[in-house]
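Reader: I am new to this structure and would like a close look at a single helix. Please describe how its residues are placed and what lies around them.

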Amino acid sequence: MKNTVNERIRLIIKQLDYKSARAFALKIGISQTSFNDILKGAEPKFSTLNKILTAEPLISAEWLLTGTGEMLRQTPSISSSNQGAGNKIEYNHIGIGNSVNANISDSSSQKTIYPTGKVEVADPDHTESALPNKDSEKQLLKAEIAHLRESMEIKDELIISLRETIELLRNKEK
């Protein structure tokens, strides 16, 4: 557990792979000077903490404010079993990385679709991957489409947020 909110902010920058503190300051919409003061130990304002939680909605407010719990809020898995008898498609969105797991009953193997689009096929009876049959491949493609739609929605929300930030910055300059 990080003891101060300042240390937790540094951890956010590191864990979420921001290239620099400046990049994070830009994303949350505060000046580099103000952000440097926070990194040097100045107590962040409520508005700054709110901007962090708005820019990174998967950050746990409780963790940021008190250090209690996990840094990232756990979002529930979206699970669906309407893909046919015994088939299950599970989409996990936990904040840093998403995956889609598909258990296809007729092939007795598990397929994982990663955010990069890579499909990994694991057959419990064999150490090497097996090629899915046409129905399994079709179901995997459906899962991948659902995953990509979800990713697009998240990116659309980010674009809206960035546009709002740009507009706020433009209005602030006037």
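Author: In helix α3, residues 32-39, the buried residues are Phe35, Ile38 and Leu39; buried means under 20% relative accessible area with a 1.4 Å probe, protein chains only. An α-helix has 3.6 residues a turn, so residues three or four places apart point the same way.

This is a predicted model, in which local features need pLDDT of at least 70 and side-chain atom pairs count only at pLDDT 80 or more, while totals for chains, interfaces and linings use all residues. Residues are numbered from 1 along each chain as its sequence is written, and side-chain values use heavy atoms, with hydrogens and water left out.

The cover over the buried residues of α3 includes α1 (5-15), α2 (21-28) and α4 (46-55). Helices here are DSSP runs of H or I with at least four residues, and strands are runs of E with at least two, numbered from the N terminus.

Take α1 as one of these neighbours. Its residues Asn6, Ile9, Arg10 and Ile13 meet Phe35, Ile38 and Leu39 in α3, where contact means heavy atoms within 4.5 Å. By class, five nonpolar residues, one polar and one charged make up this contact. The axes of α1 and α3 come within 9 Å and cross at roughly 115°; they are lines fitted to C-alpha atoms over the stretch in contact, with angles from 0 to 180 degrees between N-to-C directions.

Just after α3, Gly41 has a positive phi of about 120°.

Terms used
Buried means under 20% relative accessible area, exposed over 50%, partly exposed in between (1.4 Å probe, protein chains only). Ala, Val, Leu, Ile, Met, Phe, Trp, Tyr, Cys and Pro count as nonpolar, Asp, Glu, Lys and Arg as charged, and the others, Gly among them, as polar.
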